Amino acid sequence: MATKMKIKKGDTVKVIAGDDKGKEAEVLQVLPKTAQVIVTGCKLVKKAIKPTEQNPQGGFENKEMPIHVSNVEKVEG
């Protein structure tokens with residue numbers, strides 16, 4: 001069951017745990033079923049991209065991964 005989240009899309013949050021500790025950024029997406037949020041520029045991973053008609057080269061893309069809501073705190077202001 002989804003939990004009630006105090007953090008909403010567009011809020012500014014500060015990462016308080018993990019590799020990106022101390023960063024302040026905007027929330028891109030909220031995932032209430034797993035109690036996670038996706039934050040701009042935090043927890044980046046490289047994902048392989050298959051070649052397509054729009055992108056015939058393929059290659060790699062940096063993508064943000066979800067962070068548990070307990071590892072971020074809302075910045076007032």
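This is a predicted model: local features need pLDDT of at least 70, side-chain atom pairs count only at pLDDT 80 or more; totals for chains, interfaces and linings use all residues.
**Entry 1: β1.** I found a covered face on β1, made of V13 and V15. T12 and K14 make up the uncovered face. I noted the general rule: in a regular strand the side chains alternate between the two faces of the sheet.

**Entry 2: neighbours of β1.** Which way do β1 and β2 run relative to each other, parallel or antiparallel? I looked, and they run antiparallel, joined by three bridges. V13 stands opposite A25 in β2. I then turned to β7, residues 72-74. β7 also pairs with β1 in the antiparallel sense, over three bridges. For V13, the bridge partner in β7 is K74.

**Entry 3: the whole sheet.** I traced an open sheet of five strands. I wrote the order down as β6-β3-β2-β1-β7, with antiparallel pairing. Which strands lie at the edges? They are β6 (67-68) and β7, and each pairs on one side only.

**Entry 4: the core.** I looked up the largest nonpolar core and counted 11 residues. In soluble globular proteins, nonpolar side chains tend to be buried together.

**Entry 5: A25.** I checked what A25 touches, leaving out residues up to four places away in sequence. The contacts are D11, T12, V13, V39 and T40.

How values were computed
Residues are numbered from 1 along each chain as its sequence is written. Side-chain values use heavy atoms; hydrogens and water are left out. A nonpolar core is a set of buried Ala, Val, Leu, Ile, Met, Phe, Trp, Tyr and Cys residues joined through side-chain atoms within 4.5 Å. Buried means under 20% relative accessible area, exposed over 50%, partly exposed in between (1.4 Å probe, protein chains only). Contact means heavy atoms within 4.5 Å. Helices (H or I, at least four residues) and strands (E, at least two) are DSSP runs, numbered from the N terminus. Two strands pair if DSSP finds at least two bridges between them.
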